[in-house]
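Hello,

Here is the structure I promised to pass on. Please have a look, then read my notes below.

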Amino acid sequence: MDLEELIKRSAAYPIVTDDVQEMCTGGIFVFGGDRPKVKQDLIIALDAGASFVVTDEELELVPPSMQVFSPDLRRTAAKFARAFYGNPGMNMTIVGITGTSGKTTSAYLVESIFKAAGYKTGAIGTSFIRYGDKTQSSLNTTPGAFNLNRALAAMTETGCAAVVLEVSSHGILRDRTFGVPFDGALFTNLSREHLDEHGTMEAYYDTKRRLFTQYAAYSRDCGKSPKAAVNFDCSYGRQLLKDLAVSMAPGGAHSVGFSLRESRQDYDGTRLELGPDGIRGAVIENCTPKKTEMSVASPLIGEFNAQNILGVVALLRQLDLKPEVIERGLTETRSIPGRMTYIDTQKGIAVYVDFAHKPGALNAALSTLRMITKRRLICVFGCGGFGDPGKRSIMGRIAAIYSDIVIVTADNSRGEPFEAIAADIVRDITPGEVELFVVDDRKQAIRQALVAARSGDVILIAGRGAEESLEVYSEQTGPTVIEFDDRVIAARLAAEVLTDN
C-alpha cells in the first residue's frame, strides 16, 4: 500500500495509532511515531490484528504485504492523526502559546477571554486537556499527535469554537503539532531550559521559531491568516520579530510586538502598574489609527504576569476580540493553579507555591516577592535529576541573590542521587552570603521553612506548582513515586507548626 494513499483512506480503518494499547483488529499501527520502538509492542500489535504497520525500516516479524514505509515517522504520525480524526483544527480558532515561561498562565487568560466572548472553549496544556465539563490528565505539555487530534475532534463534537494550546519545544521538535492549523501564536520569552534536549540556546530558539514560520505557512496553505504576538522585551523576541519582518515574511505569521518598557511597540504596557494586590492600568494599542486604550484590573501579581497579560491582549486583539471582552476576561481570571498560589497561614506569614523550575521563572518569582516582603524572604526549591545540570548553579545563585534563607531540597530525582544535585545547586553560593540549608526530604524542608518564619516573612516553595506526585530516590528502593502536592503539604504543616511568632 502506498503511504499517501493509506493516509487518505485512514478514516475507513477502525483505529490508526502509535499506542499499542489502542490497537484492534484491522487497525493501522505506526511503529514508533512519537514513541520508542519496542519489539514487544510490535508483537502485541500484530497479535491484536493490525492490518498495516507503518515503519521506517524493514521488519522481519511483519509480512512484506503489511509493511508501509515512511522516512519520517513523526510527521507521518501527525499526518495520519489529522486525517483519521477529520482535520478537526479547521473547524475552530486555535491559539498556540510557546516560550520558556508563562505558557500556562497565558493559556488560562486566553481561555477566560474566549469564554467572556461567549465561545465554548477547549484548553490543552501542562498535565491537562479541558473542555466543557470534562478535564482529563495529559502526560505531556503538548500531547502526541494522535492524542492531540483526538482531543481536538472531541472538542469539535461538543461545539468548541476556540482552543488554546500550550506548544512546548519538545512538542515542536517531535512534530506533535505538525499539521495543526493555528490562527494565532504567542511568544512569551526564552531563557535557559531544555539544553539537554537542544544543546544550545540558538537551537532552542530555532525550534520555537518553527511555530511562527513553518506552522504558520501550513496554516496559510489551509486558508487561514495566522497572527502572532511577540515579546519585544526578550532578546529572542526581538530576533523573532526581525526574522518575521525580513526573511520569513512570505510564509510566516503576521506579527506585532508588545513591551512593558518600549512605548513605541504595537502594544504598549508602560502604563501598567504593579502592586502587591494586582496589576492595574492601561494597554495602548498603537497599531490602529485610534490608538485604542484597554483597561487592565487583574488580581495577578508580578512583572512576569504583566508580560503575560500584555501578550494575550496583543494576540487576541489581532484575532479581532473586542476590548471590553478582553477587559472582562482578564478581570475574571482570579488565580492560576500552581502559579503563585497563595497559602493563607493567618499568622502574618505569606506562603506562595509556584511552578518555577527554571532560572528565568525562579528569578521572576523571587524578584516579585522580594518587592512585597516586609522582613525576610525564604526560598525552598530543588532541581530535577539528570536533565540540564548546567542550570542548577544558576538557580542557586538566583535564590541566594534574592533570599535571606535558602533551603535546597528534593525535586523529581529521576534516579540521580540528591547529594549530586544539591552539590551542583550550591556550588556558586558564597559561604555566609545567605542562610543555607540542604534538606533531602521535601516535606521536612517545607516544615523547616515554616518553623523559621516570623510575621512579615514570605516563603516561596518553588519547582512543582500544582503537581500532585513526587519521584524520590534511595539506594535501597531506587526511584519511587509518592503522593505529594506542595500546596496541600504547606497548608497542613502551616496549621500544624505555626504559632503566634
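Start with strand S18 (residues 350-354) and strand S22 (residues 458-462): they pair in the parallel sense, over five bridges. Within that pairing, Val351 has Ile459 of S22 as its bridge partner. Keep in mind that this is a predicted model.

Both strands belong to an open sheet of six strands. The order is S17-S18-S22-S19-S20-S21, and the pairing is mixed. At the edges are strand S17 (341-344) and strand S21 (435-438), each of which pairs on one side only. On average, neighbouring strands here are turned by 15° against each other, direction ignored.

A helix goes with this sheet. Helix H16 (residues 442-452) lies across S18, strand S19 (377-381), strand S20 (405-408), S21 and S22. H16 runs at about 170° to S22.

Now the other sheet I looked at. This open sheet has four strands in the order S1-S2-S3-S4, with parallel pairing. Strand S1 (16-17) and strand S4 (67-69) stand at the edges. Each has a single partner strand, so one side of each is left without a neighbour in the sheet. Strand S3 (residues 52-55) runs parallel to S4, and three bridges join them. In this pair, Val53 stands opposite Gln67 of S4.

Next, a charged pair. The side chains of Lys37 and Glu57 meet in a salt bridge, at 3.3 Å from N to O. Where do Lys37 and Glu57 lie? Lys37 is in the loop between strand S2 (28-30) and helix H2 (39-47), while Glu57 is in the loop between S3 and S4. The pair therefore ties together parts that are 20 residues apart in sequence. A search of the whole structure finds 30 salt bridges.

Last, two helices. Helix H8 (residues 201-209) and helix H10 (residues 235-245) pack at an angle of about 50°. Their axes are 11 Å apart. Are H8 and H10 parallel, perpendicular or oblique to each other? Angles under 35 degrees count as roughly parallel, and 65 to 115 as roughly perpendicular. H8 and H10 are therefore oblique to each other. H8 passes H10 in a right-handed crossing. From H8, the contact is made by Met201, Glu202, Tyr205 and Arg209. From H10, Tyr236, Gln239, Leu240 and Asp243 take part. The residues of this contact divide into four nonpolar, one polar and three charged.

Best wishes

Conventions
Residues numbered from 1 in each chain as written. Predicted model: local features only at pLDDT ≥ 70, side-chain atom pairs only at ≥ 80, totals over all residues. Heavy atoms only, no water. Axes fitted to C-alpha atoms, helices over the stretch in contact; angles between N-to-C directions. Parallel < 35°, antiparallel > 145°, perpendicular 65-115°, else oblique. Left-handed = near helix turned anticlockwise from the far one by under 90°. Contact = heavy atoms within 4.5 Å. Nonpolar A, V, L, I, M, F, W, Y, C, P; charged D, E, K, R; others polar. Pairing = 2+ DSSP bridges. Salt bridge = Lys/Arg side-chain N within 4 Å of Asp/Glu carboxyl O.
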